[in-house]
Amino acid sequence: TSDLQFRASRDRYGGQPLFPERFPGLWAGARGTHGVTHGRVCFQAKVSQNLPGKEGSSEVPLLRVGWSVDFSHSQLGEDEFSYGFDGRGLKVENGKFEEFGESFGENDVIGCFADFEGAELVELSFSKNGQELGTAFRVPKEALGARALLPHVLCKGCAVELNFGQRPEPLAPVPDGFVFIHEIPAPERVRTPPGPKTTEECEVLLMVGLPGSGKTQWAQKHSQENRDKRYNILGTERVLHQLRTRGPEPEPELDAQGRELLTQQAAQCLSKLVQIAPRARRNFILDQCNVYNSGQRRKLSAFKGFSRKVVVIVPAEPDWEQRLEQRRQAEGDDVPESVMLEMKANYSIPEKSEYVDEVLFGELGRDEAAPLVLRWKEEARKQLPPSEKRGNRRNNRNKRNRQNRNRGQGYVGGQRRGYDSRVYGGQQQPQYWGQPGNRGGYRNFYERYRGYDDRFYGRDYDYNRYRDYYRQYNREWQNYYQDRDRYYRNYYGY
């Protein structure tokens with residue numbers, strides 16, 4: 001059981017984050033499929049290497065290792081019945097950090113021990129390179145109940161290697177009386193339920209709703225009520241949580257620019273996760289706005305073979321205004337008015353189609369939601385500036401292309417520079433071929449911006465270098481606009 005961004009090694013005894021260079025601050029967690037409820041059991045984790053990060057990044061590689069129960073979050077130690085030892089020399093349980101042991105890093109081996117032999121308590125202890133660090137947690141058996149403890153690792157910017165007893169020799173000495181989890185007979189180990197075996201057994205829920213409508217709350221509640229489906233929630237809030245490094249000290253407040261950069265990074269990361277999700281046999285909830293019909297079609301079409309459902313969240317207007325205010329207070333910023341108007345104007349409630357198997361409504365039903373959305377669309381379109389029709393945009397684009405071609409070929413004021421039919425009988429003057437501006441495309445571009453002139457360099461000058469410059473220039477601006485549009489599309493669900 002792992003995060004989508006955790007890449008397991010081929011033998012399944014280790015792994016690392018999937019995007020260490022592009023997103024060095026992204027945590028990636030994985031939990032074992034077999035747990036224990038009795039005995040004195042252990043496993044080992046080694047930081048095999050620190051991965052290269054983004055140039056200029058201040059992120060420090062970290063490993064957190066320990067035990068958790070089935071259905072706990074992938075962020076080890078940040079919810080109930082989840083116990084971790086952090087590489088900064090901290091222990092963490094239910095989101096509370098305390099100093100413990102000492103820090104560890106690359107090439108260090110951490111031993112994780114669970115002792116169920118006590119009458120009332122389960123003792124969880126750790127070691128570093130064979131040296132015992134003592135007991136970190138004492139868990140009441142009554143509170144733990146029948147839950148099995150499962151090996152769990154959480155890493156950021158580093159690769160981890162695990163030893164469950166499959167190796168001929170341990171990575172570091174183990175205290176007497178403890179056995180590796182592999183040495184426990186299979187009937188005595190607790191196997192967590194396996195995931196879907198085929199794509200046809202998988203399900204994807206696409207959330208549709210305006211910002212602040214309650215999509216994330218619905219997704220989390222639905223995931224908790226249907227734990228057997230083990231939904232992977234892919235949303236900006238979840239990725240933002242995994243990009244933050246928590247500790248005993250309160251998180252520093254980010255300024256507006258810092259929040260914007262972090263949100264942009266989360267949106268880019270989420271875009272990558274949504275792209276690779278259809279290749280995994282899991283159940284997903286895509287928690288974004290997704291109000292644009294084109295975005296709904298694009299995302300759901302990628303999940304061919306899945307059971308594809310859309311969940312539309314349209315609350316009553318007073319409830320929505322209250323939630324927007326709560327969102328504004330929690331996040332410290334608001335959705336720009338222009339963006340909100342664009343989303344309202346293009347809000348599309350989907351119908352059953354070749355890429356939608358079922359449409360569900362989380363709050364107001366279709367009969368109440370559809371008229372409200374229609375009113376939002378009409379009001380927003382009145383407030384937005386008039387947009388060009390598609391045909392007009394196409395005609396204007398063709399007109400601009402003709403003008404640009406004419407400029408490149410030496411036209412000035414509708415007449416070709418250096419051309420006089422009265423003198424040359426409709427033929428262009430030969431001597432004007434050497435003048436800057438008479439050539440189109442990349443030649444004209446670099447004659448203007450590089451000061452090139454045949455009069456100085458001759459007619460046989462190598463154009464290849466300038467052609468490469470020109471193409472690179474166009475590619476850079478193309479990439480800029482594509483990245484900008486991709487950010488808004490993924491963050492706001494365009």
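**Rings, charges and helices**

Me: Why does Phe137 count as buried?
Reply: Phe137 has 5% relative accessibility. The cut-off for buried is under 20%. So Phe137 counts as buried. Keep in mind that this is a predicted model.

Me: How do you know that Phe126 is buried?
Reply: Use the cut-off of under 20% again. Phe126 has 1% relative accessibility, so Phe126 counts as buried.

Me: How many aromatic pairs does the structure hold?
Reply: There are 14 aromatic pairs. One of them joins Phe126 and Phe137.

Me: What makes the Phe126 and Phe137 pair edge-to-face?
Reply: Check the distance, then the angle. The rings are 6.5 Å apart, centre to centre, and a pair needs centres within 6.5 Å. The planes are 80° apart. Over 60 degrees counts as edge-to-face. So the pair is edge-to-face.

Me: What does the pair of Phe126 and Phe137 tie together?
Reply: Phe126 lies in strand E11, residues 121-128. Phe137 lies in strand E12, residues 131-140. So the pair ties together parts that are eleven residues apart in sequence. Both residues also belong to one aromatic cluster, with Tyr83, Phe85, Phe100 and Phe104.

Me: Why is the pair of Trp320 and Trp376 called tilted?
Reply: Their centres are 5.1 Å apart, with 40° between the planes. Under 30 degrees would be stacked, and over 60 would be edge-to-face. Trp320 is in helix H6 and Trp376 in helix H8, so the pair links parts that are 56 residues apart in sequence.

Me: How do you know that Trp320 is buried?
Reply: Trp320 has a relative accessible area of 6%. Buried means under 20%, so Trp320 is buried. Trp376, at 3% relative accessibility, counts as buried too.

Me: How do you know that the charged end of Lys91 sits over the ring of Phe137?
Reply: The charged end of Lys91 is 5.7 Å from the ring centre. The distance limit is within 6 Å. Arg40 does this with the ring of Phe178, at 4.4 Å from its centre.

Me: Why are H3 and H4 called roughly perpendicular?
Reply: They pack at an angle of about 115°, with their axes 9 Å apart. The range for roughly perpendicular is 65 to 115 degrees. Therefore H3 and H4 are roughly perpendicular to each other. Their crossing is right-handed.

Me: Which residues make the contact?
Reply: From H3 come Thr236, Val239, Leu240 and Leu243. Residues of H4 include Leu262, Ala266 and Leu273.

Terms used. Residues numbered from 1 in each chain as written. Predicted model: local features only at pLDDT ≥ 70, side-chain atom pairs only at ≥ 80, totals over all residues. Heavy atoms only, no water. Phe/Tyr/Trp six-rings, centres within 6.5 Å; stacked < 30°, edge-to-face > 60°. Helix = DSSP H or I, 4+ residues; strand = E, 2+ residues; numbered from the N terminus. Buried < 20%, exposed > 50% of the residue type's maximum accessible area, 1.4 Å probe, protein only. Lys NZ or Arg CZ within 6 Å of the ring centre and 35° of its normal. Axes fitted to C-alpha atoms, helices over the stretch in contact; angles between N-to-C directions. Parallel < 35°, antiparallel > 145°, perpendicular 65-115°, else oblique. Left-handed = near helix turned anticlockwise from the far one by under 90°. Contact = heavy atoms within 4.5 Å.
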